[in-house]
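Colleague: Could you take me closely through one part of this model, namely the nonpolar core and the helix packing beside it?

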Amino acid sequence: MDAAAELGRLLGPLRRAVLRAARTAADLPDLPEAQIELLRVLVAEGPLGPRTVAARLHVAPSTVSNLVKAMLAADLVERVPAPDDLRTVRLSASAKARDLLNRYDRTSSATLARTITELPAEERAVLETALPVLARLVEKLERGASSPD
């Protein structure tokens with residue numbers, strides 16, 4: 001088995017399955033993953049300029065611009081003039097977006113917890129053991145896969 005190929009194949013479907021289960025369980029709106037990730041950045045670090053958001057998400061500024069247009073229309077993002085330069089804006093998550101993100105997180109965690117308890121004990125143990133490894137993998141990928149340790 002090629003672990004890299006298998007992990008890559010499973011990550012997207014796992015993420016989508018968790019989001020789908022959360023949406024169904026809590027009657028949440030169908031927010032695209034890209035919007036959820038943008039909101040996560042704004043909640044954790046905001047308010048931020050659009051270029052900073054693009055850098056944090058590792059996407060083009062035009063991608064952030066397109067996401068923000070849709071999210072402004074849905075009242076998920078607010079544009080606030082930068083205090084040091086009124087010609088520029090900062091983006092922040094709206095109260096509605098913060099509430100939705102909290103609901104997604106609570107429901108996703110509850111759904112995963114319930115599903116994990118349905119696994120056999122030995123599989124739960126393997127999953128718990130794998131979590132720090134997965135966190136380290138994320139760190140290495142964020143830093144760049146070729147970084148020395």
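Modeller: Leu39 touches Leu31, Met71, Leu76, Val77, Ala93, Ala97 and Leu101, leaving aside residues up to four places away in sequence; contact means heavy atoms within 4.5 Å. The model is predicted, with local features needing pLDDT of at least 70 and side-chain atom pairs pLDDT 80 or more, while totals for chains, interfaces and linings use all residues. Residues are numbered from 1 along each chain as its sequence is written, and side-chain values use heavy atoms, without hydrogens and water.

Leu39 is also one of the residues that touch the most other members of the largest nonpolar core, together with Leu38, Leu42, Val53 and Val77. That core has 25 residues; a nonpolar core is a set of buried Ala, Val, Leu, Ile, Met, Phe, Trp, Tyr and Cys residues joined through side-chain atoms within 4.5 Å, and buried means under 20% relative accessible area with a 1.4 Å probe, protein chains only. Among the elements that give two or more residues to this core are helix H2 (33–45) and helix H3 (50–57), helices being DSSP runs (H or I) of at least four residues, numbered from the N terminus. H2 gives the most, with five residues.

H2 and H3 pack at an angle of about 115 degrees, their axes 10 Å apart; axes are lines fitted to C-alpha atoms over the stretch in contact, and angles run from 0 to 180 degrees between N-to-C directions. H2 is therefore roughly perpendicular to H3, a class that covers 65 to 115 degrees. Glu37, Leu38, Val41, Leu42 and Glu45 of H2 meet Val53, Arg56 and Leu57 of H3.

Note on methods. Buried means under 20% relative accessible area, exposed over 50%, partly exposed in between (1.4 Å probe, protein chains only). Angles under 35 degrees count as roughly parallel, over 145 as roughly antiparallel, 65 to 115 as roughly perpendicular and the rest as oblique.
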